[in-house]
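Hello,

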Amino acid sequence: MRRALFCLMMLIVCVPAFGQDDLRVLPESLDGVPAREMMKEYLLSHIASAWDQWKVAYEARTTPEAIAEYQQRLHKTFIDQIGGLPERTPLNPQVVGVIERDGYRVEKILFESRPRFYVSAALFLPDPPRHPAPYPGVLVPCGHAKPAKAHVEYQSVGALLALNGMAALVYDPLDQGERMQLARPDATYDEWGTNSHTLVGAPSILLGRNTAGFEIWDGMRGIDYLQSRPEIDPDRIGITGNSGGGTQSSYLMALDDRIKVAAVSCYLHYQAVQLRKAPGDAEQNIFSQMPLQLDHPDFIMMKAPRPVLICAATQDFFDINATWEMFRLAKRFYTRMGVPERVDLLENDEKHNYNKTQREGVARWMSRWLLGKDQPIVEPELKLIDEKEMWCSPNGQVVLLEGARSTYDINREYADQLVVQRRDLWSNSDKTQLLQRVRDLTGIRSLTDLPEPQIETGQPAPRGEGSVQKLVIKPEPGIALPAILFSSPQDKPGAILFVSEKGKENGEALAKEGTRVLAVDPRGVGETGPAVESYKGDGLGEDWVDYFRAYVLGRSYVAMRAEDILVCARHLETLGGPVRLVAEGNVGVAALHAAAIEPQLFESVKLIGSLASWDDVISAKPPKNQLINTVHAALTLYDLPDLAATLGAKLTVEAPVDAQGTPLALAKWKPWTADGKPEYVAKRAAERPALDGNWESAVWKSANEFEVRKLMAPAGFFPETRGRVLYDNSGLYVTFRVNDKYVRSIATEYHGDVWEDACAEFFVQPKTDRGYFNFEINCAGTLLLSYHENPDFQGKPGREEGTVPWDLAQNVTIYHSMPKTVDPEISEDTSWIIEYFIPLSLIEQYVGPIGNPAGQAWRANFYKCAETNSHPHWGAWSPVRQGYDFHSPRFFGVLRFE
């Protein structure tokens, strides 16, 4: 076996000696850097190097051809890195109220930047007698203030522009003002603003998106709205924003050619300086932007020679010196283009805000370039509008409007499409090739490409009945991994590599089993765990700052830690015998990657308390402490269960958790089998369920749950649909519970059109070489039952094909909680339950002997539909490719009997 020479140095001075209970390995500082700041300084050194490379490229960009190529390339790069932009859909704008003021009026506006994704805004319009139309239109994205468009600074700039002959559309960003994405029915909420932007960032990142994509599209559709107004000149569009609104203004002026002039307040500087402090929200960090050379000066220069005013405050937490350096770079770039006067800087002695001086400077800048008037502008005393008076929605939260969607809903819809794509991909493609694609996407290097580490070792010391030895493993410059080798008198063959988010100390217990254990803190864990630099609530984790430092470099902690694990496992293998990997907590995601990519290195893998599925991060509202577990765009290719399936019996899982850290039933850890199908495990019933609608009964609560997820819901509503299955030697027990809102049921005869009603369906194929049954039951208990002999039938069959005769079908015992007919439709929150028993004797009439189901694996799917009510919808447990193509056994998941 190929092995390079390890650099093994006995540096007892460097590796602290043991006290009786001292398991610390690293000194308090590493080359003058506190151990807890190791990752900070490591990442910042790479960021500084990238900034130096940016400046070299900048200096070479002098010809018109080089400038044009640069602008076109970055425009495409920027859009690619945020996941692209959606198609334009109808805005469906509404003017929901008008407020009159002296010299201007305010229209309260609602529009849909995406279908049923509402934006609340205030349109400030000049007084026509004083300023005849058409007016220039200025877009004003708000900064991080909870009232957003109603905040004093933002409605003041809107009013000031209107008083000087310019219209201004001041709108609420995500999770501010009336756009709290997780507002409860009573309009209360827990998170808003900066925290919320980053909470939605975690699921967005997994999809290859960015919170910035939502904000940019809202702004572009805001321009669409301005241009749709007859009193606004579509060719004179400006933008101004402060703080978070400055971020949005920077992005929009870089990407939207319709913007002719911009004024950005309290934001622009550059990342290499900002990231020494805190990285800002998810939208202020673009994946791989440092190596791609997409930094703050580029937002100005991408669309030069458009006029841009930079507003800066000397006491801002954004470094004023960095702002000046950025301004000099932009100024020189504009000079190269022959228009130095088109970029300027307004500096004032203030803290971070959109103060009166800056608002006046912005209004004058807009007047100069949009009206052709270079005039002094002074802001008068304004009669401001109360926040509630500014509401565009009845309860002050647009997500509570009928059929409204949130960012979480939009991400979930895209994720559902990816579920189907991934399942087909992992079912029909070569696994070796897919794992290579995983390696390419994550950037995890192969063992042959990973350099041999420098290893510093201490003297072994007795501990209990065994001994311990401290090691420092240095896989690359700037990184030191503290490790302890636990040995016992009766060391069994091989060794365990132990990693844990709680630190390497927990590995000592494994050595008591008579096995050599190398317990290691991967980077950013244990002794090198981060110092909390900026608190952003419990949902992001203490390591969110370092996470984004890696993210802008195009790197993930998952990949870096996976490489740490591979380096340590390779070293441990040289000590003799097979390596067994044990990972505890959130480092389990990295451990799973390491094992799946280099499976030959590990005899077995055990994950304890690890995240079960990235897909669950999409569903969680919001996810908790999941940033560190994310890989950009991972769900466009694979999910964690896809990797798990490649390990087969080599993998053991204990106590998996969901995206909010809640322990899951083991059946939920592997929702996908080796052939890419979802799996549901039916338990044996301890007693026969009463079929009385008691969802909370002990017997039903002992069962695993499945969830039917939305496929299509054109009216914007899909009911929460869950179910359970139990079995015994006599048959199957099935229950659905639906939290519904629009319930109609009129089919009352056997084999009627039940799918048009509020209906839940169970399709099952007991034997893969025989046909399948479809049990379709509406909320009123009316049954449709067919058996289709051809298991490869790909289209939706006629209703009469394969009908099971009534004398057999009547043996299905059904409970329903709704009356026999529900008409007219119920249009309020309503829960309904159906429960039924399917005798095995009925199934055996068609497929032959079944015997005891225990240990058998059937194919099955669970559906929810309502085709003709006021809010039609279709959903499935195992996603189908084409809309409501329910009659396609190739899409069925696995129903396994415990």
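Let me start with the overall make-up: the protein chain has 22 helices and 33 strands, where helices (H or I, at least four residues) and strands (E, at least two) are DSSP runs numbered from the N terminus. Please keep in mind that this is a predicted model, in which local features need pLDDT of at least 70 and side-chain atom pairs count only at pLDDT 80 or more, while totals for chains, interfaces and linings use all residues. Residues are numbered from 1 along each chain as its sequence is written, and side-chain values use heavy atoms, with hydrogens and water left out.

**The whole chain**

The C-alpha atoms fill a box of roughly 90 × 80 × 50 Å along the principal axes. A compact globule of 898 residues would have a radius of gyration near 29 Å, and the 31 Å of the protein chain agrees with that; this radius is taken over C-alpha atoms, and the globule rule is 2.2 Å times the number of residues to the power 0.38. Among contacts (heavy atoms within 4.5 Å) between residues at least 6 apart in sequence, 72% join residues at least 24 apart.

**Helix α19**

After α19 comes Gly648, with a positive phi near 55°.

**Leu370**

Leu370 sits in helix α11 (residues 356-371) and is buried, with a relative accessible area of 4%. Leaving out residues up to four places away in sequence, Leu370 touches Pro136, Val138, Arg236, Ile237, Gly238 and Val261. Leu370 and Lys383 are 13 residues apart in sequence, and 26 Å separate their C-alpha atoms in space.

**Backbone details**

Most residues other than glycine have a negative phi, and most peptide bonds are trans. Here are some places to look at with that in mind.

- A cis peptide bond joins Ala304 and Pro305, with omega about 15°; Pro305 lies in the loop between α9 (296-301) and β11 (308-313).
- Lys621 and Pro622 are also joined by a cis peptide bond, with omega about -5°; Pro622 is in the loop between α18 (615-619) and α19.
- Ala148 has a positive phi, near 55°. Its place is the loop between β7 (135-141) and α3 (152-163), and Ala148 is buried at 0% relative accessible area.
- Cys266 has a positive phi near 55° and belongs to the loop between β10 (259-265) and α8 (271-274). Cys266 counts as buried, at 1% relative accessibility.

**Cysteines**

How many disulfides are there? Taking a disulfide as a pair of cysteine sulfur atoms within 2.5 Å, the count comes to 0. For Cys142, the nearest cysteine sulfur is that of Cys392, 11 Å away; Cys142 is buried, with a relative accessible area of 1%. Cys779 is in no disulfide either, as the nearest cysteine sulfur, that of Cys759, is 8.8 Å away. Cys779 is buried too, at 0% relative accessibility.

Enjoy looking around!

Best wishes

How values were computed: Buried < 20%, exposed > 50% of the residue type's maximum accessible area, 1.4 Å probe, protein only.
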